[in-house]
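This report describes a predicted model and goes through its parts in turn. The sequence and the structure come before the account.

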Amino acid sequence: MFKVLDNAVPVACWSCSIGHNDSTLFCPHCAKIQPPPGGDYFSVFGLQPALHLDLPALEHEFHKLSRKLHPDRFARALENEKEWSLADTALLNDAYRTLKEPIRRTEYLLKLVGTEMGAPPESKAEKVARVPADLLEEVFDLNMQLDEMRMNRKTGEADPLLEASLKEARQKYSEMLESVDRDLRIQWQSWDTGDVATRPASQKKMVALLDRRRYLSNLVRDVNEVLGA
Amino acid sequence: MKASMAEGRVVGIDLGTTNSLVAYMEGSTPVVIPGVDGSNLVPSVVALDPIPPEGGRPTITVGNTARRSLIETPERVVYSVKRLMGRGMEELTEELKLFPFHLAADAQPGEVPRIQLGEMQFTPPEISAYVLRQLKRNAERFFNAPVTQAVITVPAYFNDAQRQATKDAGRMAGLEVLRLVNEPTAAALAYGLDRAKEGTIAVYDFGGGTFDISILKLRDGIFEVQSTNGDTHLGGDDIDNLLLMIALGEIFAEHGVDLRSHPSAVQAVRKAAIEAKILLSTEQAAHFDIELPNGDRYQREIPREVFDMLIESVLERTAGPCKQALADAGITAEQIDEVVLVGGSTRIPAVRQLVNDLFQLSKRGKRPHTELNPDEVVALGAAVQADILSGASKTTEEMLLLDVTPLSLGIEALGGTVARIIQRNSTIPASATEHFTTGVDGQTNVAIHVVQGERELAADCRSLARFDLKGIPPMSAGLPRIEVKFLIDADGILQVTAREQRSGLAAQIEVKATYGLTDEQVESMILDSFDNAEADFAKRLLIEARNEAETILTAVERAPQSAAWALLTDEERTKVLVARDYLISTKQGEDAAAIREATLLLDHATRRFAELMMEAAVSTAIRGKTMDAANEELGEAVTAPHAMAPAEFK
């Protein structure tokens with residue numbers, strides 16, 4: 001199910017020619033930097049794919065690897081070492097950026113395990129189709145209010161009632177967002193402790209939760225924009 | 001030669017809008033290298049001397065010498081060229097309205113703008129290269145050895161084209177640019193050197209032409225930039241221009257003189273405006289008093305309150321980027337532990353007030369850091385980064401800078417919208433892999449338009465380059481799978497590679513940078529191709545050493561005419577004459593180091609004489625003569641600490 005690293009295939013080190021496992025950043029024999037390994041973002045940090053991560057430990061490992069891999073450490077090295085330092089550091093940075101942020105991490109893991117995810121809706125019709133069923137009516141009203149508020153902003157008209165109602169909506173959707181995040185964490189837990197049999201179910205739930213989350217955070221963003229906060 | 005050069009010193013260069021500096025690490029302390037005139041700052045001004053009467057190419061001067069030409073021959077002087085780096089023709093037309101120099105008349109849209117300077121034309125990177133070459137020479141003179149590698153600082157908010165233009169300038173000046181470092185980050189390095197601090201700091205960098213704000217997290221010697229924002233066209237220049245426009249308007253209204261047809265008069269007003277601005281940082285009021293071409297005088301008093309009001313709109317433009325940077329870093333102003341002020345414009349009291357309010361400093365019992373000279377701190381930080389890169393230093397071996405890209409990278413998608421592939425504030429190096437395919441059967445080319453910026457439409461972003469993927473094997477539409485890897489390197493510059501996955505063929509990429517010079521153009525603009533050669537370097541050192549020897553010898557020849565000479569003891573006089581003769585004979589030889597040593601010997605021998613001359617000059621002045629008259633009597637440079645002293649050598 002995972003992109004399993006093939007430890008059985010040795011690669012000869014470009015410098016000392018001794019074969020090594022292709023997932024290392026440095027040759028275990030001569031310690032020279034190696035081209036980017038083929039594994040996933042988790043393996044860069046020596047981790048198995050998981051949704052709960054020890055973030056301080058991740059940051060510590062990121063700093064430790066940065067010190068060893070960064071192009072600043074290879075400014076006067078051979079051309080190929082420079083090139084690999086650049087490629088390896090880009091991989092390290094991309095991996096850290098993805099894994100440290102919970103939503104990006106979840107999306108990445110779902111993609112890694114081959115779960116189909118809904119692409120961000122492109123057309124307006126598609127957006128409407130994606131509205132969570134329980135919110136359909138409210139969102140219709142909210143959009144009307146947002147339009148009205150935008151008009152008010154342009155004409156400089158004040159409508160305290162409308163503003164209060166929008167603030168109330170913001171509060172409500174923010175709370176819904178928090179509740180989605182709580183549900184997500186529950187799914188993380190069940191995925192991390194689950195197995196091949198139970199994981200597909202949590203993956204499916206996470207996809208749905210991420211969809212809902214995206215939708216809600218767009219709503220909150222729109223309301224914030226209009227309220228100017 | 002390659003190996004020995006790699007061991008050479010790496011210097012740090014601050015290529016500024018107004019002034020430029022070069023610095024290096026002396027042991028564990030970064031130090032600015034002074035020029036021949038003893039000044040740390042080299043004004044970023046380049047002037048073309050008049051064509052010599054015997055013909056040939058006119059001489060190009062840089063720095064203070066060039067700045068003096070500004071009033072007499074403004075059409076032969078370029079300044080603030082940093083504002084023009086990496087920009088297109090259309091963008092510059094408006095910008096250049098306030099400058100005395102102009103674009104070349106035969107400029108074609110789409111090409112890199114050329115500036116007309118007297119009878120010659122230069123691209124902005126070439127002009128910067130002259131400034132860089134001056135700094136390189138200052139460093140070489142200081143070390144008495146060639147300098148070929150450098151770290152150059154750029155505003156954090158510089159885009160890809162502006163960074164590339166700066167790197168091109170380095171190459172033209174004969175410098176291998178080991179790294180471009182963001183100015184606010186460099187400043188943080190300079191401040192972080194002697195304090196093993198942990199915490200979150202904000203660097204507010206308001207310079208001559210650019211504004212940057214960067215938020216960094218310091219931890220275990222790692223300087224991790226969280227976010228950056230800014231405006232590459234906002235700085236002290238804007239304040240100068242504002243004062244200049246007001247003055248020009250008033251002069252026209254009150255005296256009926258339109259100075260815009262008198263470039264040197266405009267420069268005189270500009271100079272007065274700058275002086276007034278500087279004065280207002282310490283005084284409550286400044287005065288304009290300028291003689292106009294028609295003999296009238298334009299006199300005006302500017303109280304500080306009026307000044308503060310005038311510049312409010314300029315300063316206010318720094319607030320938005322600060323708020324955005326805080327939001328992007330996911331923190332509030334109260335979570336900033338320290339604020340560092342960088343750039344000459346942060347001397348303005350109203351700027352400090354704004355920073356204080358933005359980050360709620362005094363409310364929290366804090367003050368911004370200003371301990372390091374705001375004009376020098378960026379160069380000092382560049383020297384620290386140069387030391388890190390040279391990899392051989394105990395002081396900096398634990399330090400590492402992790403910077404970010406200031407602008408999002410995107411690809412123009414269907415309908416002219418932007419598909420973002422690398423978000424702004426991503427730690428660099430950063431990469432993104434995208435897959436492209438064909439839309440028509442048998443299609444062998446795919447065009448990709450890469451843009452930088454935060455807007456939704458490609459047309460509103462900054463166009464970076466158009467890539468043409470060529471040589472795709474003819475297949476049914478949608479079948480080819482071309483993998484394109486976009487990588488932003490540690491300098492913040494984009495690199496692109498591509499391959500077609502189904503056929504296994506490497507797709508050819510043809511890159512057309514929207515702004516910027518081709519490799520061949522840069523090659524042809526290298527200032528003097530022999531500048532790197534050891535032989536040429538030795539020749540130049542010899543010429544310089546002889547010139548310095550000549551200067552002090554001329555002064556010694558004139559010495560017996562001075563009253564101070566008679567005050568020396570016989571022994572002192574003999575010492576001077578022996579040292580003089582030794583220098584004269586050494587000067588005939590080819591050994592630059594020996595000539596310098598002999599020059600220093602003569603300098604030491606004449607020290608007592610120089611002191612006596614200074615005393616005489618001072619007492620002459622006291623007796624009622626002016627210092628200027630005393631100067632004439634005593635020869636030039638009597639105001640120097642030591643009348644005959646050449647700059648010290650290491």
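## An open sheet in chain B

In this predicted model, three strands of chain B form an open sheet in the order 22-25-26, with antiparallel pairing. Its edges are strand 22 (430–436) and strand 26 (494–500) of chain B, each of which pairs on one side only. Neighbouring strands of the sheet are turned against each other by 15 degrees on average, direction ignored.

Val484(B) stands opposite Ala498(B), a residue of strand 26 of chain B.

## The contact between the chains

Chain B contributes 19 residues to its contact with chain A, and chain A contributes 15 residues. On the side of chain B that touches chain A, the elements giving two or more residues are strand 12 (176–182), helix 12 (377–390), strand 19 (400–402) and strand 22 of chain B. The largest share of that side, three residues, comes from strand 19 of chain B. By class, the residues on the side of chain B that touches chain A divide into 12 nonpolar, four polar and three charged.

## Domains of chain B

Chain B is divided into domain 1 (2–188 + 378–383), domain 2 (192–233 + 322–377), domain 3 (236–314), domain 4 (409–514) and domain 5 (534–634). For domain 1 and domain 3 of chain B, the C-alpha centres lie 28 Å apart, and the contact takes 10 residues from domain 1 of chain B and eight residues from domain 3 of chain B. The side of domain 1 of chain B that touches domain 3 of chain B has five nonpolar, three polar and two charged residues.

## Chain A and its domains

Chain A has eight helices and two strands, and from the N terminus on its elements run β-β-α-α-α-α-α-α-α-α. Of the 229 residues in chain A, 23% are buried. Among contacts in chain A with a separation of 6 or more, 52% are accounted for by residues 24 or more positions apart.

The domain assignment of chain A gives domain 1 (10–112) and domain 2 (124–227), with C-alpha centres that lie 36 Å apart. Six residues from domain 1 of chain A and eight residues from domain 2 of chain A take part in the contact. On the side of domain 1 of chain A that touches domain 2 of chain A, there are three nonpolar, two polar and one charged residues.

## Trp191 of chain A

Trp191(A) has its place in helix 7 of chain A, which covers residues 160–193. Trp191(A) counts as buried because it has 25 C-beta neighbours inside 10 Å, where the cut-off for a buried residue is 20 or more.

Leaving aside neighbours within four places in sequence, Trp191(A) is in contact with Leu51(A), Arg199(A), Ser202(A) and Gln203(A). Arg170(A) and Trp191(A) are 21 residues apart along the chain, and their C-alpha atoms are separated by 31 Å.

Technical notes. Residues numbered from 1 in each chain as written. Chains lettered and ligands numbered in written order. Predicted model: local features only at pLDDT ≥ 70, side-chain atom pairs only at ≥ 80, totals over all residues. Pairing = 2+ DSSP bridges. Helix = DSSP H or I, 4+ residues; strand = E, 2+ residues; numbered from the N terminus. Axes fitted to C-alpha atoms, helices over the stretch in contact; angles between N-to-C directions. Domains from an automatic or database assignment. Contact = placed C-beta atoms within 7 Å. Nonpolar A, V, L, I, M, F, W, Y, C, P; charged D, E, K, R; others polar. Buried ≥ 20, exposed ≤ 12 C-beta atoms within 10 Å, placed from the backbone.
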